[in-house]
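Here is a short briefing on one protein model. Please read it alongside the sequence and the coordinates.

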Amino acid sequence: MHHKPIHADRLPALLRAMPKAELHMHIEGSLEPELMFALAKRNNVPLRFADEQALRDAYVFNNLQEFLDIYHAGTLVLKTEQDFYDMAGAYLTRAQADNVLNTEIFFDTQTHTGHGLDAATVVNGLHRACTDAPAKFGMTASLILCFLRHLSEDEAFECLEQVLPLRDKIVGIGLASSEVGHPPEKFAKVFARARELGFRLVAHAGEEAPPAYIWSALDVLKVERIDHGVQAIHDATLMQRLVQDRVPLTMCPLSNLKLCVFPTLAEHTIRRMLDAGIMATVNSDDPAYFGGYINENFTQTFAALGMTSQHAYQLARNSFDASFIDASTRSRYVERLDGVFETFL
Ligand code: HPA
Ligand code: ZN
């Protein structure tokens with residue numbers, strides 16, 4: 001949809017009101033300190049922070065690994081199916097407030113089975129929240145299971161095996177955790193197997209690691225979307241490939257800022273990549289840790305980069321076009337997007 005630019009004064013309101021999809025959000029990263037303390041109490045799990053504020057004060061990171069260490073500690077409070085249901089319900093409530101119409105939630109089971117939980121406890125709790133989402137929050141929600149790349153491919157196979165009885169509750173498979181030193185090709189065989197099983201495929205690539213990781217996510221793992229992908233800007237041939245094949249990149253500006261991928265939001269490459277024809281989207285990654293949910297990512301990034309209502313439409317449209325939803329749901333969502341833009345004109 002082409003429209004005349006909406007005045008910059010009204011842009012934050014438009015960004016908040018516009019219907020959107022969220023395609024890169026780790027549910028364990030949505031666990032707010034308040035709920036973390038409540039679950040710690042409910043499950044008798046000790047926390048090494050005195051209170052919510054002391055925990056929040058510890059959220060200062062120099063890189064991905066420093067974040068992953070504290071994120072991992074926070075997952076220890078999750079014990080029961082109800083805990084996973086409650087955590088997902090809290091996220092869906094926030095997502096609805098940000099006018100998210102479809103969310104494809106990342107989760108992992110390996111973190112939790114490593115603490116002695118069953119994979120089914122995790123999947124069933126999260127899936128029940130997704131099933132309730134249309135009636136409770138007026139949105140669609142589905143699940144993408146991420147393998148942890150710092151663990152072995154054999155362990156990823158074991159994880160896949162454990163969720164096979166729950167196959168119908170999971171739309172896709174992804175790849176997360178410590179990127180550098182754990183390239184996509186380490187998981188070639190298990191992704192090939194997931195593909196045979198009919199899972200949609202995505203992978204984190206080019207968050208901190210070089211463009212070669214994006215190439216192998218595409219050519220070896222055969223993923224349909226790249227999570228982050230910001231390092232593609234350093235490889236002109238890769239940029240051409242991403243544009244030509246309309247490969248969606250699920251970008252997370254506040255995450256990149258907090259993990260020092262970019263020194264400031266003004267230096268973020270999302271605008272340049274979008275203008276180059278890349279199918280970029282905006283997402284929150286780990287909103288409880290990185291300073292904001294999806295609308296905060298939109299408003300801060302647009303302010304820092306001077307982006308326009310045309311960019312806003314393109315990003316929201318991309319989020320639906322890149323979603324793993326059926327064609328009729330997609331056109332309903334795009335109609336609602338167009339409707340909101342029309343009311344702002
Ligand atoms: N990158 C890799 N793994 C993650 C991230 C991320 O941004 N968030 C949660 N797990
Ligand atoms: Zn991520």
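Met 139 counts as buried, because its relative accessibility is 1%, and buried means under 20%. The model is predicted.

- Met 139 sits in the loop between helix 7 (119-137) and strand 3.
- Beyond its neighbours within four places in sequence, Met 139 contacts Leu 92, Ala 95, Gln 96, Val 100, Leu 101, Thr 103, Ala 133, Pro 134 and Tyr 333.
- Thr 113 is 26 residues from Met 139 in sequence, and their C-alpha atoms are 29 Å apart in space.

**Zinc site**

- Four residues coordinate the zinc ion (ligand 2): His 24 (NE2), His 26 (NE2), His 204 (NE2) and Asp 285 (OD). The distances run from 2.1 to 2.2 Å.
- Along the chain, the donors of the zinc ion (ligand 2) are spaced H-x1-H-x177-H-x80-D.
- His 24 belongs to the loop between strand 1 (20-22) and helix 2 (33-42), and His 204 to strand 5 (residues 200-205), so this pair ties together parts 180 residues apart in sequence.
- Both His 24 and His 204 are buried.
- The site of the zinc ion (ligand 2) is irregular, with angles of 82 to 173° among its 4 donor atoms.

**Largest pocket**

- The largest pocket has a volume of about 350 Å³.
- It is lined by 29 residues, and those closest to its centre are Leu 68, Tyr 71, Leu 148, His 150 and Ser 177.
- Helix 4 (64-74), strand 2 (100-107), helix 6 (110-113) and strand 3 (140-148) are the elements that give two or more residues to the lining of the largest pocket.
- Helix 4 provides the largest share of that lining, with 7 residues.
- By type, the lining of the largest pocket divides into 11 nonpolar, 12 polar and 6 charged residues.

**Helix 10**

- The buried residues in helix 10 (residues 211-219) are Pro 211, Tyr 213, Ile 214, Ser 216, Ala 217 and Leu 218.
- These buried residues of helix 10 pack against strand 5, strand 6 (225-228) and helix 11 (236-244).

**Positive phi in loops**

- Asn 99 is in the loop between helix 5 (81-97) and strand 2. Its phi is near 60°, a positive value in a residue other than glycine.
- Asn 99 has a relative accessible area of 30%, so it is partly exposed.
- Lys 222 is in the loop between helix 10 and strand 6. Phi of Lys 222 is also positive, near 60°, in a residue other than glycine.
- Lys 222 has a relative accessible area of 40%, so it is partly exposed.

**Two further loop positions**

- Ala 58 lies in the loop between helix 3 (52-57) and helix 4. At 25% relative accessibility, this residue is partly exposed.
- Ala 58 touches Phe 49 and Ile 70, with residues up to four places away in sequence not counted.
- Lys 41 and Ala 58 are 17 residues apart along the chain, with 20 Å between their C-alpha atoms.
- Pro 46 is in the loop between helix 2 and helix 3. Its relative accessibility is 73%, so Pro 46 counts as exposed.
- Leu 11 and Pro 46 are 35 residues apart along the chain, and 44 Å separates their C-alpha atoms.

How values were computed: Residues are numbered from 1 along each chain as its sequence is written. Chains are lettered from A and ligands numbered from 1 in the order in which they are written. This is a predicted model: local features need pLDDT of at least 70, side-chain atom pairs count only at pLDDT 80 or more; totals for chains, interfaces and linings use all residues. Side-chain values use heavy atoms; hydrogens and water are left out. On a 1 Å grid over the protein atoms alone, a cavity is a set of points where a 1.4 Å probe fits but cannot get out, and a pocket is an open set with protein on both sides within 12 Å along at least five of seven lines; lining residues have an atom within 4 Å of a point. Grid points are joined across faces, edges and corners, and a volume is the space filled by probe spheres set on the points. Helices (H or I, at least four residues) and strands (E, at least two) are DSSP runs, numbered from the N terminus. Ala, Val, Leu, Ile, Met, Phe, Trp, Tyr, Cys and Pro count as nonpolar, Asp, Glu, Lys and Arg as charged, and the others, Gly among them, as polar. Donors are N, O and S atoms within 2.8 Å of the metal (3.2 Å for Na, K and Ca); water is not among the atoms, so sites may look incomplete. Four donors count as tetrahedral if all angles lie between 85 and 135 degrees; four count as square planar and six as octahedral if opposite donors are over 155 degrees apart and all others between 65 and 115; anything else is irregular. Buried means under 20% relative accessible area, exposed over 50%, partly exposed in between (1.4 Å probe, protein chains only). Contact means heavy atoms within 4.5 Å.
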